[in-house]
Amino acid sequence: MAEQLWVSAKRWLYTTNHKDIGILYLITSLFLFAAAGVLALTMRTQLSAPDNTLLTANIYNQFVTVHGLLMIFWVLSPLAFGFANYIIPLEIGCRDLAFPRLNSMSYWFFLFSGVMMILSFFFGAAPDLGWTLYSPQNAAQFSPAIGFNLGAGALILMVVSITMSSINFLVTMFKMRAPGLKLRHMSVFPWAILVTIFMMLYAFPSFLAAVVLLYVDRAFGTVYFSSIQGGSLLWDNVFWFFGHPEVYIVLFPAIGIIADIIPTFARRPLYGSKYVIGALVAAALISFVVWGHHMFVTGIGIVSTKLYTVTTIAVSLPFDIIVISLIETLGFAKLRLKAPALFALGAVANFIVGGITGVFLASVALDYALRGTYFVVAHFHYIMVGASIIGLIGGLYYWFPKITGRMYDEKIAKVHFSSSAEHNFCYFTIYIVARG
Ligand SMILES: [Cu+2]
């Protein structure tokens, strides 16, 4: 018995197989999803009554921050990497990723960095200033806890893991496709992953620079982000140059999954799939020139705010193409409303709401009024949870039979669907309209 246990433990510890690592990624990120979810539910409980004393103000801020960081870095991207690890080699016809050992190292870096992030609670205090870690509050002077340094170290480790993975996928997808399989023949999911890893390669260096310099500031007393030297604005620029593309980095894999699920259950090919892929590429390119819309109230100047408004509205256009293509695919289709299709439809509906509220925020005038309100929080979560997480959960159901060799229970899946997230009403409307 003990020997058997050791054999199976060894299999998972030493594995370099893309399917095994994909499963490890999926399971680990679901555990971290639960951890981030506990933080979120505790925050909502705290907010359920005025003057609630469940959490102190300080702990509450730590929960907000670690919830955000965990969800963005340790749940959304790793879930996508889980699917990519398992599915991409199968879809492009190669035996494994280009560098299987590097792939395994990416996973272990991801796991240890996630544990490190959670451990930061137990070293004085976790980071407590929101996932954007704004200057000057990120300085050692205002956030002295050693837990913050641990959190910064976790972020650095995670960026290393993501960079190794993106290089691995890049080489695999460019060099190891089955003979005759041209890039343009790939379906939307591999394309979405390809665009995502390119964005990772261009966005994460900026974040890595920001966190390394922040670490040096905190540990060795340099003044890169010192507010009296103008460092606060520098942090905003370096952080958001990464931060906006990051939103698409976590969204695109979900779009790829949705664009694979809907044609399957609508039983017709994706309408204008060439244009969907073009739209993904266009959105990825434009996403690197919109970061200033996070800095409208920092006094960056009227001309640049106008430019950022224009680019932000421009970046919404490719997404219109994607949504129109998905809706067009559904038109006249005999849709089979199985769980993956339901989750995909729910994700699209939420994505429309999240996208349109984003266009509101592109306006400088509205941004002045809406900043710091729940309008922003809601917009953000419609995209991150409503579209990304719900789309990825659709992928879990979609590929569950392929990964496990069993079929999930459709009834339980439907109950899961109707109870998931806060948009039940929205889902039920779609369900009824689609059945109509
Ligand atoms: Cu943005």
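A: Helix 2 passes helix 3 in a left-handed crossing. Bear in mind that this is a predicted model.

Q: What kinds of residues make the contact of helix 2 with helix 3?
A: That contact has 24 nonpolar residues, nine polar ones and one charged residue.

Q: And at what angle do helix 2 and helix 3 pack?
A: The angle is about 155 degrees, and the axes are 7 Å apart. Helix 2 covers residues 18-47 and helix 3 covers residues 57-92.

Q: Parallel or antiparallel, then?
A: Helix 2 is roughly antiparallel to helix 3, because an angle over 145 degrees counts as that.

Q: What about helix 2 and helix 4, how do their axes cross?
A: They cross at roughly 10 degrees and come within 10 Å of each other. Helix 2 and helix 4 are therefore roughly parallel.

Q: Which residues meet there?
A: From helix 2 there are H18, I21, L24, Y25, T28, L32 and A35. From helix 4 there are P100, N103, S104, Y107, L111, G114 and I118. By class, the contact of helix 2 with helix 4 has nine nonpolar residues, five polar and no charged.

Q: Back to helix 3. How do its axis and that of helix 12 cross?
A: Helix 12 spans residues 374-404, and its axis crosses that of helix 3 at roughly 30 degrees. The two axes come within 11 Å. An angle under 35 degrees counts as roughly parallel, so helix 3 and helix 12 are roughly parallel to each other.

Q: Left-handed or right-handed crossing?
A: Helix 3 passes helix 12 in a left-handed crossing. On the helix 3 side the contact is made by M71, L76, L79, A80, F83, Y86 and I87. Helix 12 brings M384, S388, L392, G395, W399 and I403 to it. Eleven of the residues in this contact are nonpolar, two are polar and none is charged.

Q: Changing topic: which residues touch the most other members of the largest nonpolar core?
A: I258 and L280 do, in a core of 116 residues. Helix 7, residues 231-266, gives the most to this core, with 20 residues.

Q: What is I258 in contact with, leaving aside close sequence neighbours?
A: Setting aside residues within four places in sequence, I258 is in contact with L326, A344, A347, V348, G391 and G394.

Q: Where does P263 lie?
A: P263 lies in helix 7.

Q: Buried or exposed?
A: P263 has 20 other C-beta atoms within 10 Å, and 20 or more is the cut-off, so P263 is buried.

Q: What does P263 contact?
A: Beyond neighbours within four places in sequence, P263 is in contact with R268, P269, L270 and T329. P263 and T329 are 66 residues apart in sequence, yet their C-alpha atoms are 6.8 Å apart.

Q: OK, E410 now. Which helix is that in?
A: E410 lies in helix 13, residues 410-419. E410 counts as exposed because it has 11 C-beta neighbours inside 10 Å.

Q: Let's do the loops. Where is D51?
A: D51 is in the loop between helix 2 and helix 3. It has a positive phi of about 55 degrees although it is not a glycine. D51 has 4 C-beta neighbours inside 10 Å, so it counts as exposed.

Q: What is phi for L133?
A: Phi of L133 is near 45 degrees, a positive value in a residue other than glycine. L133 sits in the loop between helix 4 and helix 5.

Q: Is L133 buried or exposed?
A: L133 is buried, because 24 other C-beta atoms lie within 10 Å.

Q: And the peptide bond from S135 to P136, cis or trans?
A: That bond is cis, with omega near 5 degrees. P136 is found in the loop between helix 4, residues 100-119, and helix 5, residues 146-175.

Technical notes:
Residues numbered from 1 in each chain as written. Predicted model: local features only at pLDDT ≥ 70, side-chain atom pairs only at ≥ 80, totals over all residues. Axes fitted to C-alpha atoms, helices over the stretch in contact; angles between N-to-C directions. Helix = DSSP H or I, 4+ residues; strand = E, 2+ residues; numbered from the N terminus. Parallel < 35°, antiparallel > 145°, perpendicular 65-115°, else oblique. Left-handed = near helix turned anticlockwise from the far one by under 90°. Nonpolar A, V, L, I, M, F, W, Y, C, P; charged D, E, K, R; others polar. Core = buried A, V, L, I, M, F, W, Y, C linked by C-beta atoms within 7 Å. Buried ≥ 20, exposed ≤ 12 C-beta atoms within 10 Å, placed from the backbone. Contact = placed C-beta atoms within 7 Å.
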